[in-house]
Amino acid sequence: MTRLLPLLGLVALAACSDAVDPTLGTPQAFSLYGYLDPTASRQAVRVAPILGTIDADTSRTLAARVTSVERGTGRTAAWRDSVVVYRDGSAGHIFVADYTPTPGETVELRVEETDGDQRVTTVEVDVPFLARSEIGEPLAGVSETTYPVTVRGVPRVIGGTLRLYVTGFPTAPSDTTTLVVPFEPGQLPIREEAGQWVATVPFLAATRAYLQTNGLYQRGLTLLEAEFAPFVTSASWAVPPGGLDEEAVVEPGAFTNVNGGFGFVGGGFEAPVRWLPSPGTQYRAGFAIENDPAGFIAVNEVGEGFAELYNPTLEPVGLGGYYVTAAGLQDGTRLPLSTVIEPGEFLVVDGPFAVVPETEVKLLSPSGRQVSRMYIEPLTGGLDYEQETWGSYPDGLSFPTRGTADNPGTDLFHGPLIATPGGPNRPSLVPAVINELYTEGEAGWAEVLETDRSFASATLFSTPRDLFGGRRAARAAGTPFLVAQEGDGLELSQSGGVVYLLASYGPAPDPGSVRPQRVVDARAYGPQTPGRSVGYLPDGLASPREPDLNWTEGLLPTRGAPNAAARLGL
Amino acid sequence: MARPLLTLLSVLFVAGSALAQTGGLRGFVTGADDGQPLIGATVLAQPLDADGNPQGDPRGSATDIDGLYVIPRLSVGEYVVRVSYVGYETQSELVTIEAGPIRSYDVALPVETGGLEVVVESERSAGGARVTAGVQAIDPKDIEIVPAPDVSGDLVSYLTTSPGVVTTGDRGGQLFVRGGEPSQNLVLLDGMALYQPFHVLGFYSAFPSDILAGADLYAGGYPARFGGQVSSVLDIQTRNGNKRAFAAAGSVAPFVSAARVEGPLVPGAASFVVSGRKSVVEEGASRIVDQDLPYDFGDVFGKVHGVLTPNAQLSVQGIHTYDRGTIGEDVGGDVPEEVGYRNTAAGLRFLYLPNVSALRAEILVNVSQLESEQGLDTLRNVPLRASSIGRLNAETNLTFYLPSVDLHTGVFVRTNRLTSDLRLAGGDNLREFFTEAGAYVEPELRLGGLSLQGGLRIQSYPNDGRTYLEPRARAVWQGGVHEVSAAGGLYHQEVIGVNDRRDVANVFTAWTRARQDEVPSAWHGIVGYRVTPTPWLELVAEGYVKFLDNLQVSEWTAFPRFSTGTQPATGEVYGLDTRVEVRARNAYAYVSYGLAEVTYDAQGPNLQLWYGEETLRFNPPHDRRHQLNALVSTTVAGVDLSARFQFGSGLPFTRALGFDRFISPNTPPDVVETPGTRRVIYERPYNGRLPTFHRLDLSADRTFRLSPGLDLTAQVALINAYDRANVFYYDTFTLRRVDQLPLIPSFGIKLAVND
């Protein structure tokens, strides 16, 4: 027996448990990621189940039900599951809802297990109020040009996206291409001062690095417009200026607002602002530009005895030694050497100028090279309007259309104006106006009111470069109202934007001819309250010189019908 | 500092010189068969009166690693000098000591004939229980008793029988000595530093037993001549080679094949030894266990030793090791990355004994380098991560044999080079060169049975003005069968090894200098008691503490990927090692039990955020609370039988609560396009324990004499004899289990000529 003891001992040891459960499980059910965007009509939240193994199959339908409710308004939304297969081959569950959260509301998102322990994961999301961004004067240095972008009255800004709208991209040279320029860590300083958030956009350095890295530097890209979209968030999305340490916040529970789970769901939106950098800045960044620092200065208005120049850029431009002339260099008015035109400002040049059809007024460089011109088109017959001057509306814009041998063509942004030397232009003939705008995710609309019998049709668009991609307005039967549904080149963002009205008007043309088309109205609008519209009350333009008179926010949407104020409590 | 030191040395030189009316005796004790130094041989000088009768107490000495003994300040007269060593015939001779220069008296002891391989004796200096104040002397013969899948023994197999030595598994070659980390161990081979000398397969190191003359494992409290590391010192001496005849051996086994040749270059005066091993795991063991074992390793060692004059010896030696393999298994998730490392070292050692003084002078010049890498960047065909460490070392060690005092002192200067290419986010690539210089003084006072050894080490880095002053102390009292010992000291480590200790399978270490004010340091304290109640029984118990400061431990993040992110920590190690050794006539048994607790307190900037506490207290993954080793060896019918049983309580590991995805909140997430990062939701680090580890290894060896001088040894071994499924680790990122090696039958043969 004694001899057997060691053997028995060994058998006992061999039978000792050699198993241990390395995964304990957790009462937490889901990890949630995403954000609620008060400018979007569709919301998306990633629901990641907390699994017992790292490679559990997540491609099937998730046994979960997602609902949301706004605390203040009581609005609810139904969310549906969709399985996404990512580039890395993994699958994820994205729950989406066709719903635009109300700014300023708190939304409770609730995810319930529909089997097993029926655990519940919830998160409360504060939806920030909407706001617009403003761009300030650039700060130019030897190797950098930065633009301050300010957002006022918002809880927090945690970053932003710089987008460039360009033509000349190698694979699609004639299309407008959108490039997204990344920032190096710490390259985009954002600070809060006096209740406003200011992002200093390193346009030159970031753009140049991006174009060089991608082989696009000085390769013939033309910059149409730059856009910076600060990302505005609720206060709880507390990302410090230098960003959170991801090695730290990766720890579950380290940065979370989720109960019964992990992750973070915030509230936020983009508040974009667009601008056109100066030729010098563009050149240094790597774009193709006209070889003149005054290349973006526009001849903006021509009237009796004066011509008006306009600087649409954000930087001052020196015009000393330049000529403004209706004929040749010798007959022109030479600008004094100290002449500088400030950003967004007008410069009125007195001289022998007049509104003479089929003539032009030009801005010439000191060497006599043409920088810009304003062609005064033949007057359109059969129209009842008072032409005082000729120029651009809105200021500085131009879109010449191809002419024929008999017809030099027209510029869709040029036309007869009310004389406003030194000030923003206003068209003298307004056959239709933008009467009401309504935003609702991607289902907004713009309403046009016919104001002159010469009006024929209207197309609405959001950016000058999408002029021909706009939406045609359709007449509401039996009314002077026409409505264009959002889509294509007409984008009606909840956070604000600009809408242009391209009108076709005039008497019925001769066979083979077309009615003239011109942009006759442009309307900028700010952040919108869900369920409300903005427009004239009462309907229509009260005074051609005061376009903002009677423009009212918070209307009840009245598509294709006279505008109406919201009633108390609605 | 140079002038006072020179003055001191001059004084000591004069003091060590032979004075009027006294003389001295010194010499080398070697084996008559092969001329190898006999380490630990006893030399006693018994004074005689005019009639030739014993008079007064004898004076004695034990030989050191060179077989050198020194007995200074002997009165003029006649002495009987008795030299004895285990396994050799004792030799006695009449020697006359005259006033003046110290007398040289070398002894070559003949091998004892008709003796047993397992010898019972009481004056042994090595053995499982021969531990004094943290130092264990290791005899190569004891190494070969430990069952291993190799006909020849390997030092690492023996080390793992020590109660304070913890390994995390069969693979990786990581030894944790009394709570310290592998990068905190100093390994010296004939004075050359080796940074990662343990092969990827845990049975093997760069030190096969047949090239070893001896080794000392300082598990803590080591003396002032050692420094630069805060945990332990393994000081290894190699054989000089046979000075009488050529000898050779070759072996084949499922894991390694080996060959060794040695012999005289100048008979009796100069010799060489060359040894090489090459793994055959993929061709051999992998097929036996039907398991993928992707390991390739090997080592080659060479040494030339010469006796230049009766009082001067010179040796030149070099070693190269290489390892390559995938430690982790593919258990899903990321494919395990291959790790590789190569040690290269070469150096010379000059030993000089001046005629006019009782002085031993040793000069070492050597160069060491370790290159390691992990993973492969397939685009550029370079390692994903690479690191190297190297140094050029020059040092002089002097021992003055003064009355009742042996004074050890020395100076050293080193240039170090560190490189790291980690290719991690945020950089961490570095190239560093720096110089260190220092000195130590270590008087050893002997008063009867009491030996007191003080020590002071100064280590300086002149490039940036860092200087460390390290006091050391050691005391041993012997009275009859009892011995009480104690040791302690302060230690600093300038060069630290950083690795992802979260993942046991990840042995890649990046070497870097500690930042100013963050240099790891340790206080050691050891108290031991040993008793030898009978000649065949020895028991020892040692309690120890280590207080560690400025450690850099792996930072836990939930990203399932390699990281060298660290956070500062302090550590406490408490332990008790006990050993019992029995040497019966035809049997040897050794049982050791270690009780230990290792605790780290980490202070990281994220701990408050993660755990709500500024300090994270945990037991690191090498905290083996209980460890038992039992070794039995005997000879039956000419067959050497050995059995070894190991038991270890479960090691800490980190459990998970679950797995999910992480998407950074730094930017607005596009959840439709962004897959997020896989994430492990860990419980607090190391809050779980793996199952207990236990294993039985068996071996049987039989040597056949084919002809005079030609021996064939056959070995049969069973590793993990009852096929215990011991957990190697749970993959840190997938929590999938990887087991240690299963039952491995091993068959090996060794052919030896004149060995």
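Two strands count as paired here if DSSP finds at least two bridges between them. Strands are DSSP E runs of at least two residues and helices are H or I runs of at least four, both numbered from the N terminus. The model is predicted, with local features needing pLDDT of at least 70, side-chain atom pairs counting only at pLDDT 80 or more, and totals for chains, interfaces and linings using all residues. Residues are numbered from 1 along each chain as its sequence is written, while chains are lettered from A and ligands numbered from 1 in the order in which they are written.

**View 1. A four-stranded open sheet in chain A.** Here 4 strands line up as β24-β23-β27-β28 (chain A), with antiparallel pairing. At the edges sit β24 (333–334) and β28 (370–376) of chain A, each pairing on one side only. Strand β23 (residues 323–325) of chain A meets β24(A) through 2 bridges, running antiparallel. Look for A:Val324, which stands opposite A:Thr333 in β24(A).

**View 2. A:Glu358 and its positive phi.** This residue is in the loop between β26 (346–350) and β27 (359–364) of chain A. A:Glu358 has a phi near 65°, positive although the residue is not a glycine. Most residues other than glycine have a negative phi, and most peptide bonds are trans. Is A:Glu358 buried or exposed? A:Glu358 counts as exposed because it has 10 C-beta neighbours inside 10 Å. The cut-offs, with C-beta atoms placed from the backbone, are 20 or more other C-beta atoms within 10 Å for buried, 12 or fewer for exposed, and in between for partly exposed.

**View 3. Two cis prolines in loops of chain A.** The peptide bond from A:Tyr393 to A:Pro394 is cis, omega being near -10°. A:Pro394 belongs to the loop between β29 (389–392) and β30 (414–418) of chain A. Another cis bond links A:Leu537 to A:Pro538, with omega about 0°, and A:Pro538 lies in the loop between β40 (533–536) and β41 (551–556) of chain A. A:Asn550 is in the loop between β40 and β41 of chain A too, and is a non-glycine residue with a positive phi, near 75°. A:Asn550 counts as partly exposed because it has 16 C-beta neighbours inside 10 Å.

**View 4. Helix α2 of chain A and what it packs on.** Within α2 (residues 203–213) of chain A, the buried residues are A:Phe203, A:Leu204, A:Ala206, A:Thr207, A:Arg208, A:Tyr210 and A:Leu211. They pack against several elements of chain A, including β11 (145–152), β12 (156–167), β16 (222–233) and α4 (279–285). Just past α2(A), A:Gly215 has a positive phi of about 70°.

**View 5. A:Arg515 in its loop.** You'll find A:Arg515 between β38 (497–505) and β39 (517–525) of chain A. Which residues does A:Arg515 contact, leaving aside neighbours within four places in sequence? They are A:Ala456, A:Ser504, A:Tyr505, A:Gly506 and A:Pro509, where contact means C-beta atoms, placed from the backbone, within 7 Å. With 16 C-beta neighbours inside 10 Å, A:Arg515 counts as partly exposed.

**View 6. A hairpin in chain B, plus a further strand.** Over 10 bridges, β37 (residues 626–636) and β38 (residues 639–648) of chain B pair in the antiparallel sense. The two form a hairpin with 2 residues between them, and B:Ala637 in the turn has a positive phi of about 50°. B:Ala630 has B:Phe645 in β38(B) as its bridge partner. Strand β38(B) also runs antiparallel to β43 (residues 693–707) of chain B, joined by 10 bridges; here B:Asp640 partners B:Asp701 in β43(B).

**View 7. Two nonpolar cores.** A nonpolar core is a set of buried Ala, Val, Leu, Ile, Met, Phe, Trp, Tyr and Cys residues joined through C-beta atoms within 7 Å. In the largest, with 84 residues, B:Leu155, B:Leu189, B:Leu194 and B:Leu201 touch the most other members. Not counting residues up to four places away in sequence, B:Leu194 touches B:Val187, B:Leu189, B:Ala206, B:Asn343, B:Ala345 and B:Ser368. A second, separate core has 70 residues, among them A:Leu319, A:Val355, A:Ala458 and A:Leu482.

**View 8. Where chain A meets chain B.** Contacts involve 52 residues of chain A and 46 residues of chain B. Elements of chain A that each supply at least two residues to its side include α1 (4–15), β1 (30–36) and β18 (261–270).

Conventions
Contact = placed C-beta atoms within 7 Å.
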